[in-house]
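Student: I'm new to this one. Could you walk me through how to read its features?

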Amino acid sequence: MEQKEGTLLEIHDLSVSFKMYDHGLNQTRLQVISDLHLTVRPGEIVAVAGSSGSGKSLLASAILGILPGNAEVKGHMHYKGQELTPKRQQQLRGKEMALVPQSVAFLDPLMKVGSQADGHKRPRPKDRRKQLFRRFGLPDNTERLYPFQLSGGMARRVLVSAALITDAQLIIADEPTPGMSLDQALEALKMFRQLADEGKAVILITHDIDLAFEFADRVAVFYAGTTVETAPASDFRDGPQALRHPYSKALWKALPQNGFQPIPGFQPYAGSLPKGCLFAPRCPYRTEECIEKTPPVREIRGGEVRCCHGS
Amino acid sequence: MALEARNLYFRYGRKQPWIFRDCSLTLEKGECVAVSAPSGYGKTTLALLLAGYLKPDKGKILADGRPLPMKGVCPVQLICQHPEKAINPRWKLKHVLEESGNITQEALGIFGIEQAWLDRFPRELSGGELQRFCVARALLSGADYVICDEISTMLDVITQAQIWQAVLEEARKRSMGILAVTHNQHLARRIAARIIDLTDISADVST
C-alpha cells in the first residue's frame, strides 16, 4: 500500500477477529472489525464516534498491539510510513503512542496515583505532573491518594495526565471525558487541541459527540465494526443536511439538544452480521441493492461514506 | 407523597471532610429532577444515600414519610453507571430480570429487550444492552422512586435516547419520581423539570 504524503498513521482494510470455542472443540471465528480505513495526519484530532460495541476500543488496542492472544489482525497499519509490526508496536507504545484507557480500572489499585502518572520515566517528571494535575483542578494531595480514594472524574483526569506526561506523538484517548464536569472535559479537550496544534495527533474515541464536533478536525463514524462515514467536523456542526450516511444523521438527531429522537432497533452482532450493508436492517432508505451487497467506500463532498444512497 | 432527605450529614470517615452538612432535598412522586455538580462533589454519594446503600451520619431519608425498609423490595431503586458491575456475572439475564418479578412480553417490548438475550450471560451483551436490563429490573420492581446515576454516559446517543424514552414513559404511566444524576446539561434540560445544583447544598469539599 502506498503511503500518502504527511500521514502519521494510516490504516487500510483492517479486520480483527476472535477465535472462540462454541461447543466442545468447535472453533468459531467472530469478526468484530471489518474493512476499516482511517488516516490520521500530524496536527489533527480525529474523533471516533459511533454506537457502543462497534469496535472503537478494539481499534485502539489493535493500533497499540495489546489485543488478547486469541485475536487475529489482518490488513495494513503504517506509522510514519513504516509498517506497524508487533515488535515496532512494543517499542512505540508508551513512548511515541500513548493510550488514555477507557476504564478507570486500568489504574493500579495498590499504587499511589502520583507515581502511576509518572510512569517509567526517569528522572520522574514531577514538575510536569504537578502542572498537569493543577491544570485539571486536582488538589495537591491527590498524588498521595490511591485510586479507590478518587471519584470517577478525578481518576479520569489522572489517566489523561498520565498519557500527556509521555510526550507521545500519537495519543489515543478512549473515552477520556465521562464523569468529568463540562469545564473539566473542555479543559481536557483544549489540551488535546493544543497538542495537535503543536504537530502531534490525537484519536479521540468518544460518546460526547457534541463536544467532539467542536474540537476535532475530522470525525469518523463507526457502526458494527467498520467506518460508515469520515467527514470534516464542520459538517457535523452544520447538521444532518451536511452529513452523508443515514446513521450519522440518526446520531445527530438523537442528541438531547437536537430532538432526542432515537431510531428503533439494535446494532447487529458480530457473528450474525447482515449480508449487504451493515446498517440496512435499520435504514429508512434501504433498497434491494443494500440488502444484497456491501456498499463500497465513496468520496462525496470531501468526506468518505459507505452507503449506496449517500449524497 | 415524596422522597425526602432531611438534614443529611455524611462523610466517609472520621478524618475525612464532610460531603454533606445539613443537606435537604425533596423528590415528589411523578416528577423528574436532575442533579448536577462537578466531579467529586458527592453526586454518587447522594445517590447511594437516597437508595439506602449508605447510612447518613445524621439526618433522615424518608420515602412517603417512612424510613426505607430493611426487608423486602426497597421503594427507592438505584440504577448505576456501569451495568457490567451491577449484574451478577454468573447469572443468565433471565434470572437477573426475574429478581423483580415475572417477565412479560409487554415489559420486554417497553425496554427494547430481545427474547434471545434472556438466555445469555452478561459478558455476551454490550453495555447498552445490559443497561436495558438494569433499567427494566429497577422499574419493574414496583419502586416509587428511581435514582439514575449517570445511566447513559457510557452509551452512544441513540441508545441513550432509547433508554431515557423508556424510563420517562414508564415513570409517567406509573407516576414515579425520577432523580437523574448527569453531567450533560443538554440531557438534564431535556428530561427534567427542575435541576438541582449540588454545589449549593453539599459541604464545600474543595477547602
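Tutor: Helices (H or I, at least four residues) and strands (E, at least two) are DSSP runs, numbered from the N terminus. This is a predicted model, where local features need pLDDT of at least 70 and side-chain atom pairs count only at pLDDT 80 or more, while totals for chains, interfaces and linings use all residues. Residues are numbered from 1 along each chain as its sequence is written, chains are lettered from A and ligands numbered from 1 in the order in which they are written, and side-chain values use heavy atoms, with hydrogens and water left out.

Student: Okay, which residues of H4(B) and H5(B) meet?

Tutor: From H4(B) come B:Gly128, B:Gln131, B:Arg132, B:Val135 and B:Leu139, and they meet B:Thr159, B:Gln162, B:Ile163, B:Val167, B:Glu170 and B:Arg174 of H5(B). For classes, Ala, Val, Leu, Ile, Met, Phe, Trp, Tyr, Cys and Pro count as nonpolar, Asp, Glu, Lys and Arg as charged, and the others, Gly among them, as polar. That contact has four nonpolar, four polar and three charged residues.

Student: How do I read the way H4(B) and H5(B) cross?

Tutor: Axes are lines fitted to C-alpha atoms, for helices over the stretch in contact, and angles run from 0 to 180 degrees between N-to-C directions. Angles under 35 degrees count as roughly parallel, over 145 as roughly antiparallel, 65 to 115 as roughly perpendicular and the rest as oblique. Here the axes cross at roughly 10 degrees and come within 11 Å, so H4(B) and H5(B) are roughly parallel to each other.

Student: At what angle do H5 and H6 of chain A pack?

Tutor: Helix H5 (residues 152-165) and helix H6 (residues 182-197) of chain A pack at about 10 degrees, their axes 11 Å apart. H5(A) and H6(A) are therefore roughly parallel to each other. On the H5(A) side the contact uses A:Arg157, A:Val160 and A:Leu164, and on the H6(A) side A:Gln184, A:Met191, A:Phe192 and A:Leu195. By class, that is five nonpolar, one polar and one charged.

Student: What about salt bridges: which side chain does A:Glu187 meet?

Tutor: A salt bridge is a side-chain nitrogen of Lys or Arg within 4 Å of a carboxyl oxygen of Asp or Glu. A:Glu187 pairs with A:Arg135 in one (2.8 Å, N to O). Since A:Glu187 sits in helix H6 of chain A and A:Arg135 in helix H4 (residues 126-135) of chain A, the pair ties together parts that are 52 residues apart in sequence. Over all chains, the search finds 23 salt bridges.

Student: And how many salt bridges cross the interface of chain B and chain A?

Tutor: Zero, by that rule. As for who takes part, chain B gives 27 residues to the contact and chain A gives 33 residues.

Student: How much area do the two chains bury between them?

Tutor: Buried area is the accessible area (1.4 Å probe) that two parts lose on being put together, summed over both. For chain B and chain A it's about 2,600 Å², 60% of it on carbon and sulfur atoms. B:Val157, B:Ile158 and B:Arg190 supply 23% of the area that chain B buries against chain A, more than any other three residues.

Notes: Contact means heavy atoms within 4.5 Å.
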